[in-house]
Amino acid sequence: MRNNVILIGMPGSGKSTIGVVLAKLLCYQFVDMDIVIQEQEKKLLREIIADVGNEGFMEIENRVNAGFYAEHTVIAPGGSVIYGKEAMEHLREIGVVIYLKLSYENLATRLGDLKARGVVLKDGYTLRTLYEERTPLYEKYADIIIDEGDMELIDTVAKIKGKLESNGYI
């Protein structure tokens, strides 16, 4: 049953912030999957990455997301969830996947220290290379793409709700 809303996108795209407001508007629960991972592993994301490396973290992220069940919930997985085939297949089975698209320029102004945020960043990668690698994957898995542009939070949430309604998801 696809009665959840899954928000995917780059770190800093507003998945958690938008997710909380959208959940209130829809009378849904809200779950930040990064917090679920931290609770299960009993470590901060950056500590997990330091301990097991990027690949090890992505295996944990894939496993946790692929095994997560909820109903009537807005779910915000981490930005690297799109590398986990099993996780993305599962999330698409349990909910409508919405890609929160943000331009590189807007994203660069929002983000601070990527490593401190617990962002999976391969050696030699910059925010630009990460953005260019992930964008096609977000688009591949998305049922709906919301181009945030310069919209305010409430406008983005209203646009998401409108798309969910017009596509018969809610």
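Here is a short walk through the structure, from its sheet to the helices beside the sheet and then to one residue. The model is predicted, so local features need pLDDT of at least 70 and side-chain atom pairs count only at pLDDT 80 or more, while totals for chains, interfaces and linings use all residues. Residues are numbered from 1 along each chain as its sequence is written, and side-chain values use heavy atoms, leaving out hydrogens and water.

Let us begin with the sheet. Strands of a sheet pair through backbone hydrogen bonds, either parallel or antiparallel. Here five strands make an open sheet with parallel pairing, in the order β2-β3-β1-β4-β5 (strands are DSSP runs of E with at least two residues, helices runs of H or I with at least four, numbered from the N terminus; two strands pair if DSSP finds at least two bridges between them). At the edges stand β2 (29-32) and β5 (144-147); each has a single partner strand, so one side of each is left without a neighbour in the sheet. On average, neighbouring strands are turned by 20 degrees against each other, direction ignored (axes are lines fitted to C-alpha atoms, for helices over the stretch in contact, and angles run from 0 to 180 degrees between N-to-C directions).

Look next at β2, which pairs with β3 (residues 73-76) over four bridges in the parallel sense. Phe30 has Val74 in β3 as its bridge partner.

Now for the helices. Helix α6 (residues 127-141) packs on the sheet and touches β1 (4-8), β4 (95-101) and β5, its direction making about 145 degrees with that of β4 (contact means heavy atoms within 4.5 Å). Helix α7 (residues 153-166) lies across β1, β4 and β5 and runs at about 155 degrees to β5.

Within helix α7 you will find Thr156. Thr156 counts as buried because its relative accessibility is 1% (buried means under 20% relative accessible area, exposed over 50%, partly exposed in between, with a 1.4 Å probe and protein chains only). Leaving aside residues up to four places away in sequence, Thr156 touches Ile18, Ile146, Glu148 and Met151.
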